[in-house]
Amino acid sequence: MADPQIRTQEEAEQQAVRFRQLVADLKREVGRVIVGMESVVEDTLIALIAGGHVLLEGVPGLGKTLLVRTLADALDLKFSRIQFTPDLMPADITGTTVLWEKPSGEREFQFQPGPIFANLLLADEINRATPKTQSALLEAMQEHSVTVAGTSHSLEQPFLVFATQNPIEMEGTYPLPEAQLDRFLFKIKVDYPSLDQLHEIMNRTTGHETPTAEKVVTREEILSLGLVARQVPVAQHVQDFALRLVLATHPDQEDAPDSVKRFIRYGASPRAAQALILSGKIRALMGERFNVAVEDLRASALPSLRHRLVLNFEGQAEAVDPDDSIRDAFESLTAKSNQDLPV
Amino acid sequence: MTVDAYVAISPQTASGLLRRGLRSLRRRVRLLLALRLAAVGIALIAGLAAPAVLLARLSGIWYPPLLPEAALLAALVTSLLLGLVWPLPDSALALSADRRLGLADRIASAILFARAGLPSAMQRAEVADALHHLQRTRPAEGYPVRAYRATKAAALCLAALFSFQLLPIPALFLSPRERDEKALLHEQAARLYPLAQRLEDAARENEDLEAERLAGRLKKLAQQLDRGQLQKSQALVQLAQLHTDLQRAENRLARAPRRTAAQAADDLTKAARDNTASKAIQLAEQAEKSGDRESADEFRRLAREARRADNLAQLQNIASRLSDRASQLGAPLNFPPELLAALAQAFADADFNLSEDALQQLAEASAEWSGQLTQEELDALADELEALAEMLQDTDLAEVADLLKKAAECLRAGDCEGAAKYLAQCQGKLASCELGAACSSCKGGLAGILARLRGRALASPLRATGASAGTCAGGITDQPFIPLNAEAAKLYAPRTTETSGPLQRVRARVGPQGRIMAITEKGAPVKVTESRVPYYEVIADYSKAAEEALSREEVPPTYRTTVRNYFSALQSGEKPPDRQPAP
């Protein structure tokens, strides 16, 4: 891979233009298959570039699997799908060793990689598997490697997990623990399409031809996009805002709004701040800027924070949506920090 | 992103470039800041001044007329200066500009990166991007001029202030005394306007700037009195000052103590009558000698009419008919008899137009004397001119008298052209005489107004219904009012005291606003009376002075009630309470 370090201003500008071009190509290609869901697609791309895992939540049939598959097609990445069920075993994910007879007649144990050995892994209904099975996946997510029979096997980069959850069938499921949820960069809510979008979906998917995505970005290019994005600078006041926002989700903090103090038990971790900053950098480049702005943080706040807040009893009883608390925290910080000139 | 125009950014130049880029924004912000601060300052000052002015006007408290405007101007200048020096750090300006112009923290980030020395290429690219956007921004889009709340408040407060200052106080808020005072001032304003106009016209004709300024002041005073913008005490002060200035102008325009216009008019009328009659008799004798009995009778009849003429107009008419008849008979009168009558009329009416015409005729005629008249006839003309000069010597036409004398000398020397020149110059002198007369007339009018204002010192319940009390000896004020309840007031009526010394004018100080002329008898009185100054002249001023002393706490608290009761009793016409010992 070429040296990712940008050394000159001209190079920075060229890399930024290339970044935008590649992202636009990806969006276009994905848009050929996926109807609507612009914000979902954008957040997914951001997570992809940032190298973070995504938790997709939505009712069945909204195109979550199709989205990930289409991404994989457009990126020429290895795609794998695991349907999580309660009887799924860890070995079903990571792989196992099997006794293998060589042509010479010797027998040895050989590692058979599981479906986790892919670039894009779709973990459908992750909350239906047992915690033991979940942990096998989650270990791989964290370590980017799998240990089987004492042997560690690295996963090829990029390795991204797109886990899905069905919000309407929570009975008999094993919700992911907060510590595990924290490993996901984003939690993206997939909404129901509008009438026009449904029309378009019907037109595309019930005809004699179904569109498919062509490869437009290589694996190396995706990795280099991530490296370029990490070099986008963040001004002190913007970073300060991001950190204050994360702190404002903690009920014991001064900046926390009333809704946080009332309904949140635990706030977001420093990983949330990393998610905000990293996604902010990618959004800045996508927005033709070389700096992270507060509006980038605003766009990334909900997907970065919503799965990291733990509701207290009252919040659960009131069925409070953490998104509201995040919005309150953002607005209260914005009001405090927007000390404009007296004109 | 700046792809089309690559601008290389270096750590050394970045800060300077950004500061330059922020210049237009900074100017715009300073301007808006100055405007806003000015609006706040004006709202504050006008908001404080308006009720203060209203209170002052209702209470009759004097304040310098332009003090609120001066304070407003000071507030405006201070606000503008504050706006210019208000601290505007680059970072604060950048944050504000980013927010208002939708630049997504470009400028603020660029400034921070520049300060950090631009360690990375991305930061340099960011600064270039920020500069590119700065160049394209229009400050007016992010910082429009808008009507702040302070601006609306300032406008309201200014409107209130100016209306309280300029509009007359409605009668509803005035006491009966104040209403009477206002009506009196309004009445005097109507008298003052024509005086001022006359003075102005005369000053313009004579091209006398000082007199024109005086006329302007008179007009302005009349206007202020008419609009109720002045209190009586203020009007008295200004009138007294104008009276003094008019006196000065009168002295400048006149030369020496002279006879009054009335006396000059009398003398000239008598001279015109005698001159016309004697000329008519001479012409009658000449006509008889030549056998023209009809003309002789007519001339004698004109002589009789001249002696019996009731008024100057009639006399002028007779003189004019005499001149015409003499011309018809081939014996024109070289010295027009109607000139004397015209001059008499001029002094009587203070209108020199007719005399100007007559003098012009004389000047024109004098140009033809040379070669037409004998030396004896020229000497006779010279005698007539000298006689006229004598009559005009101690009047406003003293300079005309000098010119007439010179013309007479020229005639005696046989120099008709020289005489014609001097006679032509007489017309120019009439203009200054007109001005002098106008000054005198103004001064007289002001004296009358002053007297009237001083005479009405009482509240309306005490207004007289009857005759005037007459003038006090040596006094310049009338006393037109006698209170109905006059028992105690009689105690304070002026009394003539026997003195052994001459009468003197005395300046009396009646209040902090200035001095008012008052004349009292002063000398060595045989016996002391209770008052030497008319009650009505001083009671209002003394009451006011007492109230002011009370409000300024110059009277010990234990005596305040006593003092107040004393003046209340005086004003109501009751006998004042007996002197009470202090508690």
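Leu160(A), Phe162(A) and Thr164(A) point one way from strand β8 of chain A, while Val161(A), Ala163(A) and Gln165(A) point the other way, and all of them are buried. Because 6 of the 6 residues of β8(A), which spans residues 160-165, are buried, the strand is largely enclosed by the rest of the structure.

**Strand β8 of chain A and its partners**

- Strand β1 of chain A, made of residues 53-57, pairs with β8(A) in the parallel sense over 4 bridges, and within this pairing Leu56(A) has Thr164(A) as its bridge partner.
- Strand β5 of chain A, made of residues 120-124, also pairs with β8(A) in the parallel sense, over 4 bridges, and here Leu121(A) stands opposite Val161(A).

**Nonpolar cores**

- The largest nonpolar core has 150 residues, and those with the most contacts inside it are Leu120(A), Phe162(A), Leu245(A), Ala46(B) and Val127(B).
- Helix α2 of chain B, which covers residues 23-59, gives the largest share of this core, namely 16 residues.
- Apart from this core lies another one, of 55 residues, which includes Leu268(B), Ala344(B), Leu404(B) and Cys416(B).

**A hairpin in chain A**

- Strands β6 (residues 145-148) and β7 (residues 151-154) of chain A run antiparallel and are joined by 4 bridges, with Val148(A) standing opposite Thr151(A).
- There are 2 residues between the strands of this hairpin, in which Ala149(A) takes a positive phi near 50 degrees.

**Asp43 of chain A**

- Where in chain A is Asp43(A) found? Asp43(A) belongs to helix α2 of chain A, which runs over residues 38-50.
- Why does Asp43(A) count as buried? A residue is buried if 20 or more other C-beta atoms lie within 10 Å of its own, and Asp43(A) is therefore buried, with 25 other C-beta atoms within 10 Å.
- Leaving out neighbours within four places in sequence, the residues in contact with Asp43(A) are Phe186(A), Ile188(A) and Pro303(A).
- Although Asp43(A) and Lys187(A) are 144 residues apart along the chain, their C-alpha atoms are separated by 9.3 Å.

**Where chains A and B touch**

- In the interface between the two chains, 30 residues of chain A are in contact with 30 residues of chain B.
- On the side of chain A that touches chain B, the elements that give two or more residues are α1 (9-33), α9 (236-248) and α12 (294-305) of chain A, and the largest share, 7 residues, comes from α1(A).
- The residues on this side of chain A divide into 14 nonpolar, 8 polar and 8 charged.

**Confidence of the prediction**

- For the complex the predictor gives an ipTM of 0.86 and a pTM of 0.60.
- Chain B has a mean pLDDT of 76, and 77% of its residues reach 70 or more.
- Over residues 1-5 of chain B the pLDDT is below 50, and this stretch has 12 contacts in the model beyond near neighbours in sequence.
- Over residues 456-486 of chain B the pLDDT stays under 50, and for this stretch the model has 58 contacts beyond four places in sequence.
- Where pLDDT is low, the predicted coordinates should not be read in detail.

Key
Residues are numbered from 1 along each chain as its sequence is written. Chains are lettered from A and ligands numbered from 1 in the order in which they are written. This is a predicted model: local features need pLDDT of at least 70, side-chain atom pairs count only at pLDDT 80 or more; totals for chains, interfaces and linings use all residues. Two strands pair if DSSP finds at least two bridges between them. A residue is buried if 20 or more other C-beta atoms lie within 10 Å of its own, exposed if 12 or fewer, and partly exposed in between; C-beta atoms are placed from the backbone. Two residues are in contact if their C-beta atoms, placed from the backbone, lie within 7 Å. Ala, Val, Leu, Ile, Met, Phe, Trp, Tyr, Cys and Pro count as nonpolar, Asp, Glu, Lys and Arg as charged, and the others, Gly among them, as polar. A nonpolar core is a set of buried Ala, Val, Leu, Ile, Met, Phe, Trp, Tyr and Cys residues joined through C-beta atoms within 7 Å. pLDDT is the predictor's confidence in each residue, from 0 to 100.
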